[in-house]
Every structure is written in structure tokens, then in C-alpha cells.
Amino acid sequence: MSDQNLSPNQTDQLDLVYGLNDRPRPIIAFLAAFQHLLAIIVPIVTPGLLICLALGVSKEDTNMILSMSLVISGIATFLQCKKVGPFGAGLLIVQGTSFNFIGPIIGIGSAMVAAGTPVESVMAAIFGVVIAGSFIEMGVSRILPWVKMLITPLVTGIVVLLIGLTLIKEGLISMGGGYQAMSNNTFANADNLIMSCTVLALIIILNRIRITWVKSSAILIALIVGYVLAGFMGHLDFSGLQDAPLVQIPTPMHFGLDFSWSLFIPMAFIYLVTSLEAIGDITATSKLSNQPVDGATWMERIKGGVLVNGANSFLAGIFNTFPSSVFAQNNGVIQLTGVASRYVGIWIAALLVILGLLPAVAGVIQAVPQAVLGGAVMVMFGAVAASGINILSGIHLDRRALLIIAISLALGLGVAQVPQILEHLPELFRNIFSSGVATGGIAALLLNIILPETKK
């Protein structure tokens, strides 16, 4: 049969070793799942670790939060792959803690701590907002076509770019040793710079090696080398393991529940954007799995995937961790290995839950100096910004689009760098615009509606 008689979905199919509904032998499934695990375990725990370090959360509570990040990610991955009723896309999709929310949580959480609010109360407010915001994403999953008309790729690209650019400051702080190093005058000393720059350089070098598993595991390998280097330099701190239980029993609402409007406004907007990001990631997974990328089946997968995004963020708030979203990096593993079986995803989910229930795993991760982590997060945060650029590159950048980008970036980055510009505004407006992502995102959304599109 010639290509002229084939649909676009058929002509562009990948030669898969295991298709969507194939069941690999247990050993094959385990090895494929382990490959995915190497690519995701660091990104899953990094957001929680950075937030806890910035807000001064105790080591015991940090251990619990990191463990729950793995458990909740495992539950979400299971739902995405298995598809239970309306929940899940029924594809090999891995879900983990989202980087998108780090900036607002650290920025507003740090301000609350500086104002004298106990850390436990700040965490209660954060998790209350995580729960409330999850209903936005669950609601969006039911009205996706309307939301896609309102929040276009131009708006999404600007917001994702702003998230990455505003996070780079946190990445540099981590490279210098973190907020604790700032307080004890060891920030950016020789040891911290040696550790962070070694990790950063290794990630660059490993990504140039033409071996599939090395590329996909570059961040993890570089962190392990940085971990060993930190041990030789005497900078590993295992105090978080001292009082850790043998098994981490999930404890709902460990910090209680509270709420903060100043955090909810930017978080609500990011929940919307995260929903639209998930559409692109799920569509990519569908295409790599030789499944439809339009029509009723595709739309059902999109709605189910975004619904799990929201429902799992609800679970995350209940069990004391941060919002989760669909991970894009696993699409690369599918493409490179040719394994698209959703049953491999169930193995991934099981491994994540098992690791999360073992506090020793989180304790070992928590022992890493923040400078070592900083070398990796600079790459991760830069990748978020690059993802925003990639979204914008796929649209026609006429004068209208460039004007919207220019104003949105100027306002968003301006507020992030000079927050004093808001100090004489009423408290409600200060709360709304205190996040650079929210300011730039709202500007992009309004300008996209107000400024008429040029007719082609």
C-alpha cells in the first residue's frame, strides 16, 4: 500500500518493540521501568527539596515530604497508565512533582516566614492552596476546548518562559550553597563552586555521549559523582536519617490546613497553564505510541490525563507534598527504547511507591549539599525556559505577538527583580501581582484578548 493511501497518523508511525497494549516479560518490563526511573527520580524530589531548604523546614518533615513526592507520583503514574474510569490517559505516562510552582511557593512562603509566621503554619497554607487549586485543573479537564481558545500557545509559551527565567535566580542561589550558606557567610565559597560547577560540567559532557541510557540518566549520574565528591570534601549531612522510621506511613494533613490568597492567585494561573502543557505532553506520548493525535479517542485521553493532573495534586496537598504534572522527559525514553507499553508504566509506579515508603531513600537524597543540587537545577530550570521558547517558536511571531511577548516579559521580570514597585498598592493588588509569573501571565492573557489579531 502506497503512502498516498495512508492517513498522517499511519505514515508517521514509529517501529515499536512493544506497543501500547503489549505485555513484556517481567524482566524486560523491570529493565524498561528502571530506565524511566533513572530519568525521573531526581526531577520528582528536587522541587520539594528546594522548597523545604528555602523555607527552613525541619529535616524530619523534609524527609516525609520527599517520600510523599515519590508515593504520590507513583499513584498518578499508575492512574495514567492503567486508566480507571475517567481518570488517566491509558498511555505510558509518568507523572511527578511540577517545577512550575516552585517560584511562587518559595517567594510568598519566604515572605510569610520573614513576617514571623511559623514554618508549620506556612506549610499548612501552602498545602491548603495546593488542594484548592487542584479543583481548577480538574474543572479545566471538562472544558478543555473553551480553555484552549482563551489561553493560546502564545500565552502558554510566555508563562512557561517566565517560570523558567524567574527560577534561574533560585538555581544560582543553590549553586552558591543555598539560603543557609547566605546566613553563615559560606555562600559561593570555593567548595560550593567546585561542587556545583563539577555537576554542571558533567551534565554537559554526558549529554554529548552517543549512548542512550547515559544521555537519559545524565543528571542522575552527575549528581552521584557530585555526591561522592561532597563526601570526600566532608560536606555530606546524614542527620535527616537519624530519627527516620523504617517505613514512612502516609499521614494526611500532617501540618493541618490553612489558606493564603496571596499564594492562591499565582498558583491558580499556573494550574491553568500546567493543564495546557499536559495536552502537549500527552499528545506527544500518543504519537510516539502510534495512537491517534486527534478525534474522539485522543480527546478522551487528554481529558483523562488532565483530570489525573488535578486529582493527584489534590492527593498531594492532603498527603503533604506539592502539585504534580505530566513529565515530558519520558517521551524521550519511549522514542529511544521503542517501548511504549503502558504495563511498563505500572512497574514504574510500583517502584516509585516502594522507594517513597522507605524513608532512607529520601534521607540519602536530603544529605546532598545544596551546591551539588544547584549544578543540576540550573540545567532543569534552563530547560523550563527553553520549553517556553520552543512553544513560542511554533507560532507566527508577527508584530502583535512580539509586542505581547515584550510587554509581558518586561512586566513579569520587572516585578520579580524590583518587587518594591508594588509597595504602595492596596493589599489585594499586591497579593495578585507579587509573583512575576502571575503579573506577566495576566498581562499576556489580557493583551491576547484586547489586541486584535492581524488577518492572514
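## Ground rules

The model is predicted, so local features need pLDDT of at least 70 and side-chain atom pairs count only at pLDDT 80 or more, while totals for chains, interfaces and linings use all residues. Residues are numbered from 1 along each chain as its sequence is written, and side-chain values use heavy atoms, with hydrogens and water left out.

## Confidence

pLDDT is the predictor's confidence in each residue, from 0 to 100. The protein chain averages a pLDDT of 88. A score of at least 70 is reached by 96% of the residues. Residues 1-11 are another matter: pLDDT stays under 50 there. The model has six contacts for this stretch beyond four places in sequence. A contact means heavy atoms within 4.5 Å. Where pLDDT is low, the predicted coordinates should not be read in detail.

## A nonpolar patch

Which residues make the nonpolar surface patch of about 460 Å²? They are Ile27, Phe30, Leu31, Phe34 and Trp347. Patches are made of residues with over 30% relative accessible area and no salt bridge; like charges are joined within 9 Å, and nonpolar side chains (Val, Leu, Ile, Met, Phe, Trp, Tyr) within 5 Å. The areas come from the Shrake-Rupley method with a 1.4 Å probe, and for residues only the protein chains shown count as cover.

Helix α2 (residues 26-55) gives the most to this patch, with four residues. Helices are DSSP runs of H or I with at least four residues, strands are runs of E with at least two, and both are numbered from the N terminus. Phe30 sits in helix α2. Its relative accessible area is 32%, so Phe30 is partly exposed.

## Two salt bridges

A salt bridge is a side-chain nitrogen of Lys or Arg within 4 Å of a carboxyl oxygen of Asp or Glu. By this rule the count comes to two.

One joins the side chains of Lys59 and Asp237 at 3.2 Å, N to O. This pair links distant parts of the chain, 178 residues apart. Lys59 is in helix α3 (residues 59-82), and Asp237 is in the loop between α11 (218-232) and α12.

Glu300 and Lys83 also meet in a salt bridge, at 3.9 Å, N to O. Here too the pair links distant parts of the chain, 217 residues apart. Glu300 belongs to helix α13 (residues 295-318), while Lys83 is in the loop between α3 and β1 (95-97).

The table lists the accessibility of these partners.

| Residue | Relative accessible area | Class |
|---|---|---|
| Lys59 | 31% | partly exposed |
| Asp237 | 34% | partly exposed |
| Glu300 | 47% | partly exposed |
| Lys83 | 27% | partly exposed |

## Cysteines

How many disulfides does the structure hold? It holds zero. A disulfide is a pair of cysteine sulfur atoms within 2.5 Å. Cys52 is buried, with a relative accessible area of 1%. Cys197 is partly exposed, at 40%.

## Residues inside helices

Is Thr283 buried or exposed? Thr283 counts as buried because its relative accessibility is 19%. This residue is found in helix α12 (residues 261-288). Leaving out residues up to four places away in sequence, Thr283 touches Val293, Trp298 and Ile302.

Ile173 lies in helix α7 (residues 153-175). At 6% relative accessibility, Ile173 is buried. Beyond its neighbours within four places in sequence, Ile173 is in contact with Gly178, Tyr179, Met182 and Phe187. Asp294 is 121 residues from Ile173 along the chain, and their C-alpha atoms are separated by 43 Å.

## Residues in loops

Asp22 lies in the loop between α1 (8-11) and α2. Asp22 is partly exposed, with a relative accessible area of 36%. Asp22 and Ala340 are 318 residues apart in sequence, yet 8.4 Å apart in space, C-alpha to C-alpha. Setting aside neighbours within four places in sequence, Asp22 is in contact with Ser341 and Tyr343.

Asn320 is found in the loop between α13 and β2 (324-326). Its phi is near 65 degrees, a positive value in a residue other than glycine. Asn320 is buried, with a relative accessible area of 1%.

Met253 is in the loop between α11 and α12. Phi of Met253 is near 50 degrees, also a positive value in a residue other than glycine. Met253 is partly exposed, at 37% relative accessible area.

Notes. Buried means under 20% relative accessible area, exposed over 50%, partly exposed in between (1.4 Å probe, protein chains only).
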